[in-house]
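Colleague: I have not worked with this structure before. Could you take me through it, one topic at a time?

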Amino acid sequence: MFCKSLSVVSSLVRHSVVISTARNMSNGRPLVYVTRSDMPQGGLDLLRKVCDVRIWAKPSQVPRNELLKGVVGASGIFCALTEKIDKELLDAAGPQLKVVGTISVGHDHIDLAECRKRNIRIGYTPDVLTDATAELTLALLLATSRRIPEAIHEARTGGWAASGAWAPVWLTGPGLANSTVGIVGFGRIGQAVARRVKAFGTAQILYTSRADNRRAKETGAIRADFDDILKKSDFIICCTALVPETKEMFNKAAFEKMKRTAVFVNTSRGGTVDQNALIGALQNNTIWGAGLDVTTPEPLPLDSPLFKLKNCVVLPHIGSATIETRNVMSELTARNILAALAGSEMPAEIK
Ligand code: GLV
């Protein structure tokens, strides 16, 4: 039975080398713990062909104490960015744990060093979510600059119907055409955002990167340092991963360098922003507005001042949330886990 399982793993991951995996159950099939019952089906179906799958029963975030119980004895964990994968959790799972697959490209919720120490491999989902996240970035930018949530509210609640409300300057905001857009973090998503903003007739696209990016030529984007981007850009878009060097890089000093007319957009991680400094900058009109798909913490508490500000649009972390993308992410997460369990090369491994 176990051999049959492994041969299915092999064909699934299209690799012939099968080494070994932990036998968790009496039937010899490896056990994979999945942290949500509403993970897109494609990945779960792939896992079930080969593994015993234990799933948190509710379509909601698994409470930490249940998570710690659920992972006991698992060879693989299929998680989302809502689960902290740290020493405590790895200890709870046990020494047979071989792989953690996250259905996300970001991996700041996983203690990589601790996993490496234990030879636990880590799978993630780069590339497949680039287009969806870039699309959402543009949607959020335009929702903020063109004041779409405010406009919908006015239309629905009678503001528009009120006599004399409509006026040439009513609900106006800065246009993207002829503007300078600064992209902080020019990886896959930053580049995809650049291609899209270019289509809006921007005057200039600036980006930060350690070196000139050869793909920047496609959009005519120019490398600039962070300070230059802050000073020159009409729209500043944060697409950088959260790592120690980028933590709270958008702080009070950064917002003060921006134009008073600037729109700040963040679709990376809330941790790249000093949120209190951003709240101050929006309250004092140091900048024009902000669109945030990511905050600290998540979910953002209802009493957050960000929800009270008209010049701020907050979304509940939906960057990659297209139906197709989430399905592909689920399948890739499963293929990562299956490959690691088979001792094969993973389609997308964090090394
Ligand atoms: C979303 O934020 C992701 O990391 O996939």
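Colleague: Let us begin with the helices. At what angle do helix H2 and helix H12 pack?

Modeller: This is a predicted model. In it, helix H2 (residues 41–50) packs against helix H12 (residues 323–341) at an angle of about 25 degrees, and their axes are 6 Å apart.

Colleague: Are H2 and H12 roughly parallel or antiparallel to each other?

Modeller: Angles under 35 degrees count as roughly parallel, and H2 and H12 are therefore roughly parallel to each other.

Colleague: Which residues make the contact?

Modeller: From H2, the contact involves Gln41, Gly42, Gly43, Leu44, Leu46, Leu47 and Val50. H12 contributes Asn327, Ser330, Glu331, Ala334, Arg335, Ile337 and Leu338.

Colleague: How do the residues of that contact divide by class?

Modeller: Between H2 and H12, seven contact residues are nonpolar, five are polar and two are charged.

Colleague: Let us turn to the ligand. Which residues surround it?

Modeller: Around the ligand are Leu81, Ser104, Val105, Gly106, Leu129, Arg269 and His317. By class, this shell has three nonpolar, three polar and one charged residues.

Colleague: What lies 2.7 Å from an oxygen atom of the ligand?

Modeller: A polar side-chain atom of Arg269 lies at that distance of 2.7 Å from a ligand oxygen atom. A backbone N or O atom of Gly106 is also 2.7 Å from an oxygen atom of the ligand. For Val105, a backbone N or O atom lies 2.8 Å from a ligand oxygen atom.

Colleague: How much of the ligand's accessible area does the protein cover?

Modeller: On its own the ligand has 190 Å² of accessible area, and the protein covers 89% of that.

Colleague: Which phi values do Asp127 and Glu248 have?

Modeller: Asp127 has a positive phi of about 70 degrees and is located in the loop between strand S5 (121–123) and helix H6 (130–145). Glu248 has a positive phi of about 50 degrees, and its place is the loop between strand S9 (235–238) and helix H10 (252–257).

Notes. Residues are numbered from 1 along each chain as its sequence is written. This is a predicted model: local features need pLDDT of at least 70, side-chain atom pairs count only at pLDDT 80 or more; totals for chains, interfaces and linings use all residues. Side-chain values use heavy atoms; hydrogens and water are left out. A residue is near a molecule or strand if one of its heavy atoms lies within 4 Å of it. A polar contact is a pair of N or O atoms within 3.5 Å; within protein, one must be able to donate a hydrogen and the other to accept it, and residues adjacent in sequence count only if both atoms are side-chain atoms. Accessible areas come from the Shrake-Rupley method with a 1.4 Å probe; for residues, only the protein chains shown count as cover. Ala, Val, Leu, Ile, Met, Phe, Trp, Tyr, Cys and Pro count as nonpolar, Asp, Glu, Lys and Arg as charged, and the others, Gly among them, as polar. Axes are lines fitted to C-alpha atoms, for helices over the stretch in contact, and angles run from 0 to 180 degrees between N-to-C directions. Helices (H or I, at least four residues) and strands (E, at least two) are DSSP runs, numbered from the N terminus. Angles under 35 degrees count as roughly parallel, over 145 as roughly antiparallel, 65 to 115 as roughly perpendicular and the rest as oblique. Contact means heavy atoms within 4.5 Å.
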